Amino acid sequence: MLAVASFGHRTSAQTLTSSLFERYLETLREQAGIPGMSAAVVQNGVIVWQQGFGRSDVETNEPAQPHTPYLIGELSQTIGATLLLRKCIDQNSATINDPVAEWVPGFRESGTTLGHLVAHITPGGEFKYDRARFAALTAVIENCSKSTYRKLLDEEIFERFGMGDSAPGTAMASPTAEDRELFDPDRLAKHAAVLRRLASPYKVDARARAERTTLAPSAVDASYGIVSSVRDLAFFENALSHNFLLEPGNRDAAWTRVAPQFPTGLGWFVQDYNGAQVAWQFGVVADAYSSLIVTLPSRRLTFVILANSDKLNTPFALENGDVTASVFARLFLRIYFP
């Protein structure tokens with residue numbers, strides 16, 4: 001198990017910055033009516049600040065913690081894109097310009113390439129954020145790797161980088177016969193333990209009142225469904241930034257716009273902020289969860305935040321490609337990268 005992030009010694013300036021950031025985040029959480037929230041900041045490979053806010057379960061009064069698992073929605077695409085680049089391009093014969101139909105016979109968009117799906121580009125050459133189209137990459141990754149996606153995700157990401165608060169979908173709480181063939185009893189028990197700690201989901205109304213919701217069990221694919229914590233996602237991003245997952249050229253391509261007119265790289269949104277490149281991604285599980293990761297590669301600075309309602313993201317239309325529409329992202333950028 002590779003541990004790629006840890007606490008370092010804080011200077012007084014870091015402590016003051018973190019304290020100010022923490023107070024503002026708590027204010028934003030209360031204003032949004034989010035029951036529970038977890039967040040972390042990583043600088044130069046070290047978690048310099050991490051904190052839980054509010055409750056992961058209001059009924060039991062369980063506090064949210066940095067190791068609290070949440071369903072991260074479309075933020076799963078950062079990992080799905082990484083596995084595509086790793087298994088199909090770095091370790092296989094695919095290129096980003098391959099037609100999807102070469103890898104998934106019967107795929108109906110004959111002119112659509114792997115690059116189109118991973119960057120949310122339509123057959124007509126326009127940007128459209130579409131979770132379902134991105135999910136078609138699941139079959140591509142499985143065909144490249146000769147493995148099921150959830151098994152690959154567990155072995156090449158979760159186990160390899162010590163992501164002990166992560167699971168390949170909430171459906172793993174009740175393993176199928178196929179799951180029992182794919183995973184040994186220890187891994188199944190580990191996933192079940194993570195899912196028992198999953199933050200409870202809440203719907204928050206216009207008056208910031210929270211009501212617990214019930215979600216059907218969900219499987220995982222390249223676009224959606226991962227369960228993880230801010231601490232684990234910090235491990236993942238740090239492994240990505242240090243080239244433990246991808247060849248440097250493909251890692252850089254993930255964090256670079258595919259063309260000036262599009263707001264996306266490969267599995268990430270990409271934009272400029274105060275002269276620096278920002279790569280980011282978000283997730284929404286309606287009336288249940290939301291997530292956001294923001295990284296500045298040139299500064300080796302990353303912010304991860306997860307919540308057990310969708311109010312972290314739903315007011316801000318992040319699917320349009322501007323992370324500064326989020327008050328949570330703006331707070332991070334203004335305090336840590338003024």
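Modeller: Happy to! One term to begin with: pLDDT is the predictor's confidence in each residue, on a scale from 0 to 100. This is a predicted model, and its protein chain averages a pLDDT of 94, with 96% of the residues scoring at least 70. The stretch to treat separately is residues 1-9, where the pLDDT is below 50; beyond near neighbours in sequence, that stretch has 25 contacts in the model.

Now for the setting. The protein chain contains twelve helices and eleven strands. Its radius of gyration is 19 Å, close to the 20 Å that the globule rule gives for 338 residues, so the chain is as compact as a globular protein of that length. Along the principal axes, the C-alpha trace spans about 50 × 50 × 40 Å.

The helix I would pick is α2, residues 77-90. Two packed helices are described by the angle between their axes and the distance between the axes, so let's take each partner in that way.

The partner to start with is α6, residues 137-145. The axes of α2 and α6 come within 9 Å and cross at roughly 30 degrees. An angle under 35 degrees counts as roughly parallel, which means α2 runs roughly parallel to α6. Their crossing is left-handed. On the α2 side, the contact is made by Gly80, Leu83, Leu84, Lys87 and Cys88, while α6 brings Leu137, Val140, Ile141, Cys144 and Ser145.

From α2, Thr78, Ile79 and Thr82 meet Leu233, Phe236 and Leu240 of α10. This contact divides into four nonpolar and two polar residues, with no charged ones.

How values were computed
Residues are numbered from 1 along each chain as its sequence is written. This is a predicted model: local features need pLDDT of at least 70, side-chain atom pairs count only at pLDDT 80 or more; totals for chains, interfaces and linings use all residues. Side-chain values use heavy atoms; hydrogens and water are left out. Axes are lines fitted to C-alpha atoms, for helices over the stretch in contact, and angles run from 0 to 180 degrees between N-to-C directions. Helices (H or I, at least four residues) and strands (E, at least two) are DSSP runs, numbered from the N terminus. Angles under 35 degrees count as roughly parallel, over 145 as roughly antiparallel, 65 to 115 as roughly perpendicular and the rest as oblique. A crossing is left-handed if the near helix is turned anticlockwise from the far one by less than a right angle, and right-handed if clockwise. Contact means heavy atoms within 4.5 Å. The radius of gyration is taken over C-alpha atoms; the globule rule is 2.2 Å times the number of residues to the power 0.38. Ala, Val, Leu, Ile, Met, Phe, Trp, Tyr, Cys and Pro count as nonpolar, Asp, Glu, Lys and Arg as charged, and the others, Gly among them, as polar.
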